[in-house]
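Subject: Model handover

Hello,

Here is the structure we spoke about. My notes on it follow below.

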Amino acid sequence: MTRNVVIIGSGPAGLTAAIYAARANLYPLVIEGLQAGGQLTTTTDVENYPGFSHAIMGPELMKEMRAQAERFGTTFLQGDVTSVELGKQPFRIVIEGEQPVDTKTMIIATGAAAQYLGLPNERRLLGHGVSACATCDGYFFRGKELVVVGGGDSAMEESTFLTKFASKVYVVHRRDKLRASKIMQDRAMKNEKITFVWNSSVEDILGDQVVTGVTLKNHVTGKTSELPCAGVFMAIGHKPNTDLFKSQMDMDAKGYLLTNNGTATSVPGVFAAGDVQDSKYRQAVTAAGSGCMAAMDAERYLENQG
Ligand code: NAP
């Protein structure tokens, strides 16, 4: 059986694409991936998604989107795609432990993943004090001192959230100006538990079994120092999840899929939506919007193919 539309990814982009494709009677299949629901499942309050004047929890929002997609006839497969064959129609999707799936159109909504500093001890201590998800791991650090690395909205959000548990949070930023939006900066700056460490980078993460501190380097003075802490949270941006499509599709230097004329990619019949093709806005609402566009583009493509 060859499907009309297969959507890879189940964040706001993938699920919105599913809602629209299902309502167009295309009977979409969503391959949910290892982190079903995407990045919002690791967030707490979502305050900027229109329609929720009192905020909604990220996992709750994703549960609602999934139920909405299911209501109109979307089917779901809880697998991880290991390879795709885009060289000829129909496209083939290979999924771990499942039969391959063939499809006339594909919507790629695989999102992006948290970046790490690339330090050897960071990898060794991942899950033992090193994390990139405050919502997932903050609870384990009650009454402890923590470090958050980064100066963007994520760093502000994570550090503010972590003050619910931690006794103190140091935000280590490599410059003396934040990249974060004014409202998020103000909120973090007003928080008495947050201290900013400017012009500094984490050079090493200390600890045998668990994190006990970090080595910092100040770029202005050139001095290194140790800062004791029980956990280090990375908030230094994301990398698009496009390894699967390398050499088969056009991407930019950072690996974001290139789209034109809406959501069309360099492969006719393959569309991209959400963070996988957007390094600029990266919001749930923009991802959802592009998911809608991708479903409409896939529908028109199928119509034109007869
Ligand atoms: P970002 O805006 O790209 O910021 C990444 C931060 O990490 C920057 O301050 C950057 O420093 C720093 N950084 C990058 N690589 C580093 C390295 N190797 N070592 C040390 N520091 C490093 O990423 P983000 O904060 O994850 O935000 C991504 C997007 O999501 C943004 O559009 C943001 O507005 C949005 N977002 C929105 C919300 C919200 O509205 N609730 C929450 C989270 C994220 P430099 O500044 O020096 O480059």
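A polar contact here is a pair of N or O atoms within 3.5 Å; within protein, one must be able to donate a hydrogen and the other to accept it, and residues adjacent in sequence count only if both atoms are side-chain atoms. This is a predicted model, in which local features need pLDDT of at least 70 and side-chain atom pairs count only at pLDDT 80 or more, while totals for chains, interfaces and linings use all residues. Residues are numbered from 1 along each chain as its sequence is written, and side-chain values use heavy atoms, with hydrogens and water left out.

Ligand first. A polar backbone atom of Gly 152 is 3.4 Å from an oxygen atom of the ligand. Ser 154 places a polar side-chain atom 2.5 Å from a ligand oxygen. For Glu 157, an N or O atom of the side chain is 3.1 Å from a nitrogen atom of the ligand. On its own the ligand exposes 910 Å², and the protein buries 77% of that (accessible areas by the Shrake-Rupley method, 1.4 Å probe; for residues, only the protein chains shown count as cover).

The shell around the ligand divides into five nonpolar, nine polar and seven charged residues. Nonpolar means Ala, Val, Leu, Ile, Met, Phe, Trp, Tyr, Cys and Pro; charged means Asp, Glu, Lys and Arg; the others, Gly among them, are polar. Helix H5 (residues 153-162) gives the largest share of the shell, three residues. Helices (H or I, at least four residues) and strands (E, at least two) are DSSP runs, numbered from the N terminus.

Now the domains. The chain is assigned domain 1 (2-113 + 238-304) and domain 2 (116-234); the bounds come from an automatic or database domain assignment. Each domain supplies at least three residues to the ligand shell. Their C-alpha centres lie 32 Å apart. Five residues of domain 1 are in contact (heavy atoms within 4.5 Å) with seven of domain 2. About 420 Å² is buried between domain 1 and domain 2, with 54% from carbon and sulfur atoms. Buried area is the accessible area (1.4 Å probe) that two parts lose on being put together, summed over both.

Two backbone points remain. The Gln 89 to Pro 90 peptide bond is cis, with omega near -10 degrees. Pro 90 sits in the loop between strand S6 (81-85) and strand S7 (91-95). Asn 25 is not a glycine, yet has a positive phi of about 60 degrees.

Best wishes
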